[in-house]
Amino acid sequence: MSKLLDNINSPADLKKLTRPELKQLAAELRQELVTTVTTTGGHLASNLGVVELTLALHRVFDSPRDKIIWDVGHQSYVHKLLTGRRQRFASLRQYGGLSGFTSPNESPHDPFGTGHASTSVSAALGMAIARDLSGDHYQVVAVIGDGAITGGMALEALNQAGHLGSSLVVVLNDNGMSISPTVGSLAKLLNKVRFDPRYRWAKEESRRILKALPLGDKVWEVGQQARGRFKGLIMPTMVWEELGFAYIGPVDGHNITDLETALNQARDYHLKPTFVHVVTTKGKGYRPAESNAVYFHGVPAKRAGTREIPTYSEVFAQTVLRLTREDSRLVTVTPAMPEGNCLSIVEAEFPKRVFDVGICEQHAVTFAAGLATRGFIPIVAIYSTFLQRAFDQVIHDVCLQNLPVVFAIDRGGIVGDDGKTHQGIFDISYLTLIPNLIVSAPKDENELQHLLYTAVKSGQPMAIRYPRDTGLGVELDTTLHEIPIGKWEIVRHGKDVALLAIGAMVAPALKAAQELASSNIEATVVNARFAKPLDTELLIDLTHHIKRLVTVEENVLSGGFGSSVIKYLQDSETYDTQVKSLGIPDEFVEQGTQAILRAKYGLDAKGIVQQVFTLFPEHTSASLLEVEGKVGTVS
Ligand SMILES: Cc1ncc(C[n+]2csc(CCOP(=O)(O)OP(=O)(O)O)c2C)c(N)n1
């Protein structure tokens, strides 16, 4: 029973609370976060760290009139709980439930849709300028972490914001952590402010000055006075001032009174953008998360069953470790995801050959290109959805120069609970259109090892996309071999229909073929492990014997593997073969478990069987009905 939280239906309810009540509410919010998020899964530590900051923001600003934009949005759970979404909170990240990020469709208190990092300052600046152009008067706040602020977009936006000088508040939520500890020289600079005891002393003094001044357009004066007094000492913070911001901070992010004082100053300062540096502890108030913020960054949902089979990410990392030992030219680059990509085992043994570049996908790719020009073989370990950020770098810096960069693309396909912003369903389309690039996907974790080995040996840019999943539990070969580039593999022979499946879709296609056999339809199943180049020889050969082809991919149909197959057959004037493509239609895919979503889009064995039946009119609706009965539908 949460006494105070039960009565908070909107930010207005917060404004009446006393200091002791706010303290109690903070404790209730933490309790709610821990109870719910350890069940639903989600970003626990980041949210525990912003409880007081969220309370202060909603007491000082007037949302939704004032716009509060949470960068990434993974730390917006407290904001959701305070803005009328408490009753639905247990549906967080579930199919049909609340999003794990912010979304304007969900609430007027979410002025911008988020999920990918480092967008908040750009969006906030756009809103601030729109306000100015239309003569309006609301305030705009971007809340950004010390991880997300290292992203190129954020720095580009700060650059323009300082130049334009419009009123805007950037709150830096500095907890020293991205998912792993934040890396880079900017992180070092922030750490100076966080940890230098002399600076803390200076902070106390500036707080005293701040208190002595009447609220209003005085922030700049505070900066000036403090700077005058502590010349040399407060250098790290002057960066923001030189960029054109009024700087306030560092502020204790767990002290609501201090936070409100600073945010009030920022809200009322209209002469230039304001930068409020807030220092928080990731995981605050829940000991396990405070002491292991990396693990508690994103906790998994409670699901039945234990796992013994390694994930694709784990097999990837083990293979990288092995290849790094064998070849001194191999280096690995990760844009802030060493945990997700399981690279810590490689980092531990080869700290100088694994580079966490920060949340900087574009830089990661071009940095790899630079390494490749000098004879190294970089593996860029990256999630499918985040590689979208670096589309031009893949084209212009890697493929155009035909540099041997390996793209190890994790979370290809449907990713599940993270939802619309994170589905890795576009990569086959946006990669196969690029000249020089080999695009592949393994049918299981064993083939992943061999494809990685092939990519390292290929001397060409090559992408390997694999799913967010445990492997199939197949045996892992101890000797690695090269797979001939562009060669597919027939994994089952049958005369009636050919299922051309790529990556994670090979297993359900095989299962579908077994079910079809019981209806006297014999299916060939092809492991189409290269989406580019296509195995045109095998493809044409198949069309000589089998007149019905079905392509299966966990990717959008538009520009995907199926469309490449159809285009090739059309160009080779093979008109007597019927081709059906299965994949994701032209829409964004919701959140939900992978099983629910694969069933929804017919990308499981039952869905494939159903689609194959439509190619066999002689298998009347009776058999269709029978299958439908088995399938059930998800609406
Ligand atoms: C473009 C992009 N790359 C990577 C990620 C994955 N990601 C989600 S949260 C996060 C760390 C964010 O760190 P920070 O901004 O400091 O926030 P904190 O969780 O520490 O509060 C990362 C790397 C992402 N969401 N978007």
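Me: How many cavities of 30 Å³ or more does a search of the whole structure find?
Reply: The search finds 3 cavities of that size in this predicted model.

Me: What volume does the second largest cavity have?
Reply: The second largest cavity has a volume of about 50 Å³. Its lining includes G147, T150, D356 and I359. By type, the lining divides into 5 nonpolar residues, 6 polar and 1 charged.

Me: And the pockets: how many residues line the second largest pocket?
Reply: The second largest pocket is lined by 22 residues, and S99, S103, K420, T421 and E590 lie nearest its centre. About 480 Å³ of space lies in this pocket. Its lining holds 15 polar, 5 charged and 2 nonpolar residues.

Me: Let us turn to the sheet of 7 strands. What is the strand order?
Reply: The order is β7-β6-β8-β9-β11-β10-β15, in an open sheet with mixed pairing. Strands β7 (354-356) and β15 (530-532) each have a single partner strand, so one side of each is left without a neighbour in the sheet. On average, neighbouring strands of the sheet are turned by 20 degrees against each other, direction ignored.

Me: Do β8 and β9 run parallel or antiparallel?
Reply: Strands β8 (residues 377-383) and β9 (residues 406-410) run parallel and are joined by 5 bridges. V380 stands opposite F407 in β9.

Me: Which helix packs on this sheet?
Reply: Helix α16 (residues 361-373) does, touching β6 (330-334), β7, β8 and β9. The direction of helix α16 makes about 165 degrees with that of β8.

How values were computed: Residues numbered from 1 in each chain as written. Predicted model: local features only at pLDDT ≥ 70, side-chain atom pairs only at ≥ 80, totals over all residues. Heavy atoms only, no water. 1 Å grid on protein atoms, 1.4 Å probe; cavity = no way out; pocket = protein on both sides within 12 Å on 5 of 7 lines; lining within 4 Å. Points joined across faces, edges and corners; volume = space filled by probe spheres on them. Nonpolar A, V, L, I, M, F, W, Y, C, P; charged D, E, K, R; others polar. Pairing = 2+ DSSP bridges. Helix = DSSP H or I, 4+ residues; strand = E, 2+ residues; numbered from the N terminus. Axes fitted to C-alpha atoms, helices over the stretch in contact; angles between N-to-C directions. Contact = heavy atoms within 4.5 Å.
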